[in-house]
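Hello,

Here is the structure we talked about handing over. My notes on it follow below.

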Amino acid sequence: MKAIIAGADGSDQSLRAIEWATEEAARRGLPLQIVYAETPWLADTPVDPQAAAIREWLLTGGQELLEQAVATARERDPRVTVQGEAVPGSPARILLERARDAAMLVLGGRGTGTVGSLVFGSTALQAVTHTPVPVVVVRDVEPVARGEVAVGVDGAKAGEPAIGFAFEEAALRKARLRALHVWSNPASSWPGDMQPLVYDPQDYAEEEFGTSLAGWREKFPDVEVVSEVVHGRPVRILAGVSARADLLVVGTRGRGGFTGLLLGSVSHALLHHAHCPMAVVPSTPCS
C-alpha cells in the first residue's frame, strides 16, 4: 500500500503540513510516513570528543523533532498508521526518493532555511519542480472548511492529471469543484508572427474547456461542478479563487511552456500567492 509522505523540519509550517497530511491519509485510508532529513555528517562517528558531543546533541534534537511530528499526527487522527524516519542527506533528494513509491508528498510552504523575503522554501520548490507524484504545499494559514476544491484548467493534454486529481479530491471531501479556464489575449512571440484572429477567443476557450471536463464529469457524477471561463491574468484570478477554497490544484506545466521547463510560470507564481493548500500535479503521473 502506498503511503503519504510528509516532510518534517520543526517549523510551524511543517507541523501544519503534517496535520493536513494526516487528514488526507484518513480520507484515503493510507498510512502516513513522516521523514526528517539529518545533516549527512551526523552519520559519521567523529574522533574529536567535542565534535562527538555536538553530534550527539544534534541527533537528540532531531529525534525529538521527529517524535513531536509523529505525536502531532497521532493526536490529529489516532486511526491513521504513522511512521517516522530520520535519514541523513539532502532534504529535497530524500523526499523525492521517497516520493517514487508514494501516493502523495506533503510539505510546508517555508522551511527552517528561508530568510528575509523568500516566501517559498528551497526544499519545497525543488520537490515541486521534480516531483513524480502530486505535491501538496501547505501554507501557515488557519484552515477554514469552505467545501470547495478549485482547479485551473488550460485545455492542454498535460493538464489532465491535475483535473483528475481535483475531481478525486472533491469526491473524497464531498465538496464542490470549481474549475476555471483563464485565458488572455493572444501574444506575439517574435516580430511579424501575429495573424488576424479568425475566431472568437471566448467561444474557443469555452469549447476547449467543456471538452476537458466532459469525461471527468462522467467518471465522478456525484461531484457538483461549477465551471468558469474568465479573461484575465491566471495568477491573479486563481490566487483570488484560492481564498475561498480548501485546496487549489494546478499542473506542473502550462500550455506554451518550454520543453525543459518542468514547472510552469503560473504554477510557480501561485506557490507564493495561494491562500490555501495547493496541489501541484505532474503532467505524467507516477505509475
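How many helices and strands are there in the protein? There are eight helices and 10 strands, taken as DSSP runs numbered from the N terminus, with helices being H or I of at least four residues and strands being E of at least two. Please note that this is a predicted model, in which local features need pLDDT of at least 70 and side-chain atom pairs count only at pLDDT 80 or more, while totals for chains, interfaces and linings use all residues. Residues are numbered from 1 along each chain as its sequence is written, and side-chain values use heavy atoms, with hydrogens and water left out.

Of the 287 residues in the protein, 45% are buried (under 20% relative accessible area, 1.4 Å probe, protein chains only). Among contacts (heavy atoms within 4.5 Å) with a separation of 6 or more, 78% are between residues 24 or more positions apart.

Leaving out residues up to four places away in sequence, Phe167 touches Leu177, Leu213, Trp216, Arg217, Phe220, Val223 and Val225.

Glutamate 148 lies in strand β6, which covers residues 148-152. Glutamate 148 is buried, at a relative accessible area of 1%. Beyond its neighbours within four places in sequence, glutamate 148 contacts Ala175, Arg176, Arg178, Arg244, Ala245, Asp246 and Leu247.

Regards

Technical notes
Buried means under 20% relative accessible area, exposed over 50%, partly exposed in between (1.4 Å probe, protein chains only).
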